[in-house]
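Open the model in your viewer and keep a selection panel at hand. The tour goes from one selection to the next.

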Amino acid sequence: MGINGAGTAERDAQRVWDALDGFRIEVPSWGFANTGTRFGKFVQAGAATTIEEKFSDAAQVNALTGASPTVALHVLWDLPGGKADVPAIQGLEKKYGVKSGSINPNLFQDAEYKYGSIANPSAEIRGNALAHLLDSVEIGRALGSKDVSLWIADGSNYPGTQSIRKRIGWMEEVLGAMHAALGDGQRMLVEYKPFEPAFYHTDIADWGMALELARRCGPKAKVLVDTGHHYQGTNIEQIVAWLLHVGQLGGFHFNDRKYADDDLTLGSIDPYQVFRIFHEILSVSAEERSGVAFMIDQSHNLKGKMEAMVQTVATAQELYAKAALVDRVRLAELQQACRLVEAEECFRSAFWQDVRPLVQQWRVARGLPADPLKALTESGYVEKISRERGSKNASSVSSYA
Ligand code: AFD
Ligand code: MN
Ligand code: MN
């Protein structure tokens with residue numbers, strides 16, 4: 001029996017099942033690989049070091065959760081030289097049963113990008129950055145991927161060292177050229193981030209800048225909201241509501257954070273915020289929702305890569321199920337009448353409801369393990385990949401490399 005009253009148990013189950021049947025969240029290839037912080041890197045015996053291992057890990061997460069049929073690829077990290085061996089990748093897709101997802105250009109590691117990529121004062125370097133973006137568009141087209149998801153790390157560290165306005169113009173020029181190269185069905189998702197690695201100004205620092213750049217590019221450009229890319233206290237669900245309202249929400253990079261862009265597992269710090277974001281998403285039509293890409297962007301220095309990814313997907317499913325329980329018709333009536341406490345209770349009672357039994361029933365009915373994390377442990381997969389990959393991964397040492 002749902003706590004909303006008699007006879008709602010069946011309605012709750014239907015809402016949760018319908019929501020989960022339509023819930024997909026993309027896993028990032030880099031979430032399975034060794035990463036660290038600027039203070040050191042602790043490699044993991046089971047971490048993936050090849051694109052095939054990343055496809056294998058992504059396939060395991062999908063087999064355990066039923067929600068992650070695509071894996072985001074990072075150009076350069078997964079596709080050396082910025083070129084893709086398309087037949088080889090298609091072979092991996094077939095072998096492992098997961099598809100290439102969003103294509104993520106890398107405009108932040110090459111030495112030439114020290115003073116920026118698409119916002120670099122050098123026209124030559126901006127040209128090189130554009131060439132990489134066009135390569136990424138072509139890779140996406142060849143693999144049948146919908147989105148090229150670009151994060152621009154450009155910025156400056158001290159006031160007066162760069163012209164913020166000139167850099168805006170340079171970005172418009174490059175991103176406009178990229179937009180013109182997009183094929184049918186392709187999109188470019190413009191991600192924003194307030195700081196890091198730049199510490200005085202970041203050229204695409206907030207949703208307003210990303211929105212305006214996307215708008216000036218054209219209809220195939222949308223905004224990507226990375227939940228870790230906001231200052232403390234930002235009302236992210238309000239940004240999501242605005243982007244939905246103006247039809248510019250391309251998708252998410254989901255993770256959690258306590259202080260900055262910490263890339264923690266989703267819901268580990270503030271699950272209620274994720275619920276509130278999902279409520280905004282579930283408040284629009286299924287057709288509008290279909291244009292919003294759910295993607296994970298996390299990397300873990302300490303937690304096991306596979307465990308962390310399964311945790312995030314399972315948590316996302318549970319929080320989405322909670323948001324699906326909100327009686328939005330009733331809520332609208334209470335909001336309209338400004339019956340504040342009843343509206344709040346109608347809203348948050350869904351969050352407080354324990355959906356795990358319903359989610360487990362859905363999983364079993366769909367031929368999935370009731371508890372994906374437990375199933376991962378019992379599968380021996382982590383032990384297997386640790387044995388197979390251990391020699392390739394150095395022992396767990398902190399290095400300043
Ligand atoms: C880092 C950046 C950004 C980007 C991701 C993948 O902060 O979130 O989307 O790397 O390139 O997390
Ligand atoms: Mn991101
Ligand atoms: Mn980030």
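What distance separates the manganese ion (ligand 3) from the manganese ion (ligand 2)? The two are 3.9 Å apart. This is a predicted model, in which local features need pLDDT of at least 70 and side-chain atom pairs pLDDT 80 or more, while totals for chains, interfaces and linings use all residues. Residues count from 1 along each chain as its sequence is written, chains are lettered from A and ligands numbered from 1 in the order written, and side-chain values use heavy atoms, without hydrogens and water.

Stay on ligand 3 and select H229 and D261. They are its protein donors (N, O or S atoms within 2.8 Å of the metal, or 3.2 Å for Na, K and Ca; water is not among the atoms, so sites may look incomplete). NE2 of H229 and OD of D261 lie 2.2 to 2.3 Å from the ion. The pair links distant parts of the chain, 32 residues apart: H229 is in the loop between β10 (221–226) and α7 (236–245), and D261 in the loop between β11 (249–254) and α8 (271–282).

Next, select ligand 1 and the residues around it (a heavy atom within 4 Å). They are W30, H74, W151, E191, K193, D226, H229, H253, D261, D263 and D297.

Now display polar contacts (N or O pairs within 3.5 Å). A polar side-chain atom of H74 is 2.7 Å from an oxygen atom of ligand 1. For D297, the distance from a side-chain N or O atom to a ligand 1 oxygen is 2.7 Å, and for D263 it is 3.5 Å. Ligand 1 alone exposes 300 Å², of which the protein buries 90% (Shrake-Rupley, 1.4 Å probe).

Key. Polar contact = N/O pair within 3.5 Å; in protein donor to acceptor, adjacent residues only side chain to side chain. Helix = DSSP H or I, 4+ residues; strand = E, 2+ residues; numbered from the N terminus.
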